[in-house]
Amino acid sequence: MRVSESQDFGAVTMRIEEVLKEKGISKNQICKDLDLPRGNFNRYCRNNFQRIDAALLW
């Protein structure tokens, strides 16, 4: 494979808002706990991101 060829690695879909509602956690609280800017978190909630911060998954 040449370096210039692009590969399709699939997609990741996050159900963040659904899980927050199930657990009764606010976006403000999770952003505070994770020390994550609200704008970044909202992009994750909308599945509008290019890279995932691995620390968020743990």
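A residue is called buried here when its relative accessible area is under 20%, exposed when it is over 50%, and partly exposed in between, with a 1.4 Å probe and protein chains only. The structure is a predicted model, in which local features need pLDDT of at least 70 and side-chain atom pairs count only at pLDDT 80 or more, while totals for chains, interfaces and linings use all residues. Residues are numbered from 1 along each chain as its sequence is written, and side-chain values use heavy atoms, with hydrogens and water left out.

**Overall layout**

The chain has four helices and zero strands, where helices (H or I, at least four residues) and strands (E, at least two) are DSSP runs numbered from the N terminus. Read from the N terminus on, the elements run α-α-α-α. Of the 58 residues in the chain, 17% are buried. Contact means heavy atoms within 4.5 Å, and among the contacts between residues at least 6 apart in sequence, 37% join residues at least 24 apart.

**Helix 3 and its partner**

The buried residues of helix 3 are F41, N42, Y44 and C45. Seen down the axis of helix 3, these buried residues fall within an arc of 155°, so they line one face of the helix; the arc is that of the directions from the helix axis to the C-beta atoms.

Two packed helices are described by the angle between their axes and the distance between the axes. Helix 1 (residues 16-23) packs against helix 3 (residues 38-45) at an angle of about 105°, and their axes are 8 Å apart. Such axes are lines fitted to C-alpha atoms, for helices over the stretch in contact, and the angles run from 0 to 180 degrees between N-to-C directions. Helix 1 and helix 3 are therefore roughly perpendicular to each other, given that angles under 35 degrees count as roughly parallel, over 145 as roughly antiparallel, 65 to 115 as roughly perpendicular and the rest as oblique.

On the side of helix 1 the residues that meet helix 3 are I16, E17 and L20, and on the side of helix 3 they are F41, Y44 and C45. Sorted by class, this contact of helix 1 with helix 3 has five nonpolar, no polar and one charged residues, where Ala, Val, Leu, Ile, Met, Phe, Trp, Tyr, Cys and Pro count as nonpolar, Asp, Glu, Lys and Arg as charged, and the others, Gly among them, as polar.

K27, whose place is in helix 2, touches E17, L20, R38, F41, N42 and C45, not counting residues up to four places away in sequence.

| Residue pair | Separation along the chain | C-alpha distance |
|---|---|---|
| K27 and E17 | ten residues | 8.3 Å |
| N42 and E17 | 25 residues | 9.4 Å |

**The aromatic pair**

The structure holds one aromatic pair. The rings of Y44 and F49 have their centres 5.3 Å apart and their planes at 55°, so the pair is tilted; rings of Phe, Tyr and Trp (its six-membered ring) pair if their centres lie within 6.5 Å, and planes under 30 degrees apart count as stacked, over 60 as edge-to-face and the rest as tilted. Y44 counts as buried at 9% relative accessibility, whereas F49, with a relative accessible area of 22%, is partly exposed.

N47 follows helix 3 and has a positive phi, near 55°, and lies in the loop between helix 3 and helix 4 (54-57). N47 counts as partly exposed at 33% relative accessibility. Not counting residues up to four places away in sequence, N47 touches V12, T13 and M14, and the C-alpha atoms of N47 and V12, 35 residues apart along the chain, are separated by 8.0 Å.

D35 has a phi near 55°, a positive value in a residue other than glycine. D35 is found in the loop between helix 2 (27-34) and helix 3, and at 71% relative accessibility D35 counts as exposed.
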